[in-house]
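Here's a quick tour of the model. Have the sequence to hand as you read.

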Amino acid sequence: MTDLETQVLIIGGGATGTGLARDLALRGVQCILAEKMDINAGASGGNHGLLHSGARYVSNDTVSAMECREEGELLKRLAPQCIEETGGLFVAVEGDDENFIADFPLMCAKCSIPVQELTPEEALDMEPVLSGNLIAAFALEDASVDPFRLSLENVAHARSLGTRLLRYAPVVGFDLKQDRIQSVRLFDKQLGKERAVSADLVVNATGAWAGDIAALAGIPVHVLYSKGTLLITSQRITERVINRLRPPSDADILVPGGTVSILGTTSLRIPSLETIGPTVEEVDRIIEEGAAMVPILEEARYIRAYAGVRPLVQIESQGDDRSVSRGFTIFDHSHDGLDNFVTITGGKLTTYRLMAERTADMICHKLGVSAPCLTGTVPLPGTQVSGWSYPGLSPKEYMKSNNPEDVLLCECEMVPKSVVDSIAASIREQGGSPSFEAVALRSRLGKGSCQGTFCSIRTDAHMIDKGDINPDQGLNHLRKFLNERWKGQRPILWDGQLVRAEFLEALHCGLFDLER
Amino acid sequence: MSISETIKCDLAVIGTGMAGMSAALFAANRGVSVVQIGRPKGILLASGLLDLMGVHPVQENRSWNDPWAAMDALCRDLPEHPYSRLKKEDILSAFGELLPFLHNAGLPYCRRVEQNAKIITSLGTVKTTYCVPKTMWNGVLALENQPKGLIVDFFGLKDFSAGRIVATLRERWPELRAVRVFFPGNAGGKELLAGEITAQVLETSESRMKLAQEIKPHIRDARVIGMPSICGMRNPDEVLSELEKEIGIPLFEIPTIPPSVPGLRLKEAFEVGLQAIGVRQFLQEQVLTVNRGDNSELILHLDTKGRKVVVQSQGVILASGRFMGGGLYASRRGIRETLFNLPVFQPGDRKDWHRKELLDSRGHPANQAGLETDDLFRPLNEAGRPAFETLFAAGSILAHQDWMRMKCGSGLAVSTAYASVNAFSKTKEQFK
Ligand SMILES: Cc1cc2nc3c(=O)[nH]c(=O)nc-3n(C[C@H](O)[C@H](O)[C@H](O)COP(=O)(O)OP(=O)(O)OC[C@H]3O[C@@H](n4cnc5c(N)ncnc54)[C@H](O)[C@@H]3O)c2cc1C
Ligand SMILES: Cc1cc2nc3c(=O)[nH]c(=O)nc-3n(C[C@H](O)[C@H](O)[C@H](O)COP(=O)(O)OP(=O)(O)OC[C@H]3O[C@@H](n4cnc5c(N)ncnc54)[C@H](O)[C@@H]3O)c2cc1C
């Protein structure tokens, strides 16, 4: 009862899975990409958006440091539309380890990472909000990257080369025969039924879920979960990425992106992937730590918190916590008795392309395909539609277009009807059916300061009018959207955000009676 | 800066929301001299509906037809709720005084004394409320009988979709249709706000005729028509009945999202009506601080630009609302009351303030935060005694209630204002 066939089935639509889809497509390999929810539903949608210069890892992981440096340089050239070349500062404040500071330029040099020493005064000139207690500062080439745009454009390019994308299609099981996966069962939520895919080779690119997927095939992959929480400020706090000059620790990076800044992160071992929300405790810790570098973070307005999970892979033979790898790991499961199954997990957004390349090399070798990797030389084509998720882009475009009939649905983030329409159209072109959730994922709807109070209602109404929402489906998508946005609001509800949340509740419960 | 004006009065009301406005009314009606201070923002954002008591227990989301029975059940189960300190007669008298006042100010309301009303919202959901503006009453009746109906909306109006309303109501009211027409003067379908300017358009008979002509071809077998609440700022009922005459069948307004016309009308009605009965209002000002004078009077310092105004009053009703209103303020470390630094009942830790889901029917523990009072609605100090002899609290700032879930917002505001004014009159007698 196989109803789909392909050369390679990629499971997981994060940066790695989408990057791999494009890499294979460029080598002429036919693929299906199956994603449980929507593009970047996992860590790729819940990270810091920092395109690492590599300097962060010079003290504890020189391999990662060098990979980041090389990949960062490459992406700035080949995917400039996804990257803001902000530059970065590493700063130390009174009390920070002086030996670490003294060694830092040397450690960078060892990894060939360009670094420039600054006086605290120079650093303060560049970023006046820095703490007055600076004792050291260095300039590096960190940048910020829009992970949504990156993944969506990888998918778009792959699709244009023949890759098939299945969204809302979680893999639920494997049918094995001797040493092969004969077919993969996935549940197509849009069709409401199970489908079977037969593939010459199956890749597990599910990040933190890699252990779960491998387990479905009876293979142990030991993944530890490290949750990180991040906070978005209502305004951009600095021009450059600010890193605390110390061994990686909590809340030591502030990354600007468009009109906002993102502060984080924490690293909290969690037992399962069931509740991946940011908590009040983490938020308080992040603010206290962040304020040591940038004191106004103590009083800043935060519009949202969110969390992602890093998979830390434990290599079986070594067993203990120190053997946990922070780089990426590729498993060829022929060693576990399944010839056509590969897992790629771990790593960083910055190195997603390299991870995809290495995985694709292994796959092509197994399939007997000799085409070389092209993602290191072919630029990533830009599409307009995938850019609507970037903070500040929608307003710019809206101001430029200046069309009075193009009514704004979201006033905080200035998302007009035309943006919603073009997103819906592109989903339709890709063979999907537009939904409220899919539009929300691809735009800044609900991500501004009103927390979705108004734009939820307006976008729903607009999509109903356009026939993009089936009128019979009721209001549950609205409830879901509000509850989903709430996850990111709940830990930051004090001061102005609590006022807005109260208004949100007054409207949606007090008046609309949406509570359940 | 030197003091340039000192105003003496019996009672100062802090706040111009539903609670503050009602308190000023009840006090003025009793011959008490009243100064009222506050920027009317809360009331602007209100829906125009006056809830009394709709849902209990909230965790079951159980909606009641009889608000009084609901209140009895509530007071039995949650004796700390402010309603437990009130009698039905008093609440009835409060509404008995408020509704004629609003009627005289051009804003008649309808209700059934012993029964709640169900009203359609602009999302097509059905909400339990008590008094509704007369312009919405046909909607309450229509929802009960579900005749063939038509919901009208306008090109360019982004906050209101007839299609959404019809879709949500499909099961409950199957014979409802939606139609979109051009609003008078907006043939291009440009962005239209459901606010004051749009509402004023329908105050002229010419626009009403134009609108009727737009709508008429779509009526067909419809027996009733619903539309967004934009039928005039002043005397909306007249505007509506004129429009009904043109169209030929009953019409009703549907509440829109704030700041909405019904909220604006309520604000206007209160402002005009209260000034007419001698309430001195400071609507651009805030109270900055309050201290006690030599003769146990309370002295309020206002933030009037340029000159300094001080109000000296025997009593104060604190109706400064919650977080939105400004009566309560939350920092990362806790919730406090903003003017008197009164103790605030609150969940212990910020992590317990809110539940995991926004729409959890149990409501958020933070919603129960607020001032605790004695039976005379005097906020308590740390020692559990009235903080001041003549300081009273009314409205949403009170603890142990969740108006959003219980659907008791305006009822609570009006009736606790009433009780506070009566308590003030009583204590005032004692001082004499
Ligand atoms: C808090 C945090 C901050 C970070 N900051 C940075 C940073 O600043 N810079 C940087 O370079 N890196 C950063 N990273 C790392 C980076 O985010 C990840 O390395 C990268 O996103 C991993 O991508 P992925 O595609 O491998 O995994 P994911 O993005 O997690 O993708 C896995 C996908 O698999 C899907 N899936 C799961 N189960 C199934 C199933 N049964 N069927 C189908 N699909 C399934 C999931 O829905 C998900 O979309 C950060 C990570 C975290 C957690
Ligand atoms: C979106 C929304 C929908 C609603 N829907 C309904 C509904 O369907 N039914 C219903 O019955 N009610 C509804 N309400 C109204 C709700 O019932 C009332 O807002 C609630 O009862 C609170 O009234 P309040 O007067 O206690 O406080 P608020 O309305 O918050 O008023 C507080 C007042 O105090 C003033 N203030 C605060 N601090 C100071 C100071 N230092 N000096 C001077 N003035 C100060 C503020 O300016 C404000 O005027 C709705 C409200 C909102 C926001």
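## Ground rules

Contact here means heavy atoms within 4.5 Å. This is a predicted model, with pLDDT of at least 70 needed for local features and 80 or more for side-chain atom pairs, while totals for chains, interfaces and linings use all residues. Residues count from 1 along each chain as its sequence is written, chains are lettered from A and ligands numbered from 1 in the order written, and side-chain values use heavy atoms, leaving out hydrogens and water.

## Two cores

A nonpolar core is a set of buried Ala, Val, Leu, Ile, Met, Phe, Trp, Tyr and Cys residues joined through side-chain atoms within 4.5 Å; buried means under 20% relative accessible area (1.4 Å probe, protein chains only). The largest one has 140 residues, and B:Tyr83, B:Phe270, B:Leu300 and B:Phe340 make the most contacts inside it. A second, separate core holds 44 residues, including B:Leu157, B:Phe160, B:Ile225 and B:Leu240.

## The whole chain

Of the 432 residues in chain B, 61% are buried. Among contacts with a separation of 6 or more, 69% link residues 24 or more positions apart.

Along the principal axes, the C-alpha atoms fill a box of roughly 70 × 50 × 40 Å.

Note on methods:
Buried < 20%, exposed > 50% of the residue type's maximum accessible area, 1.4 Å probe, protein only.
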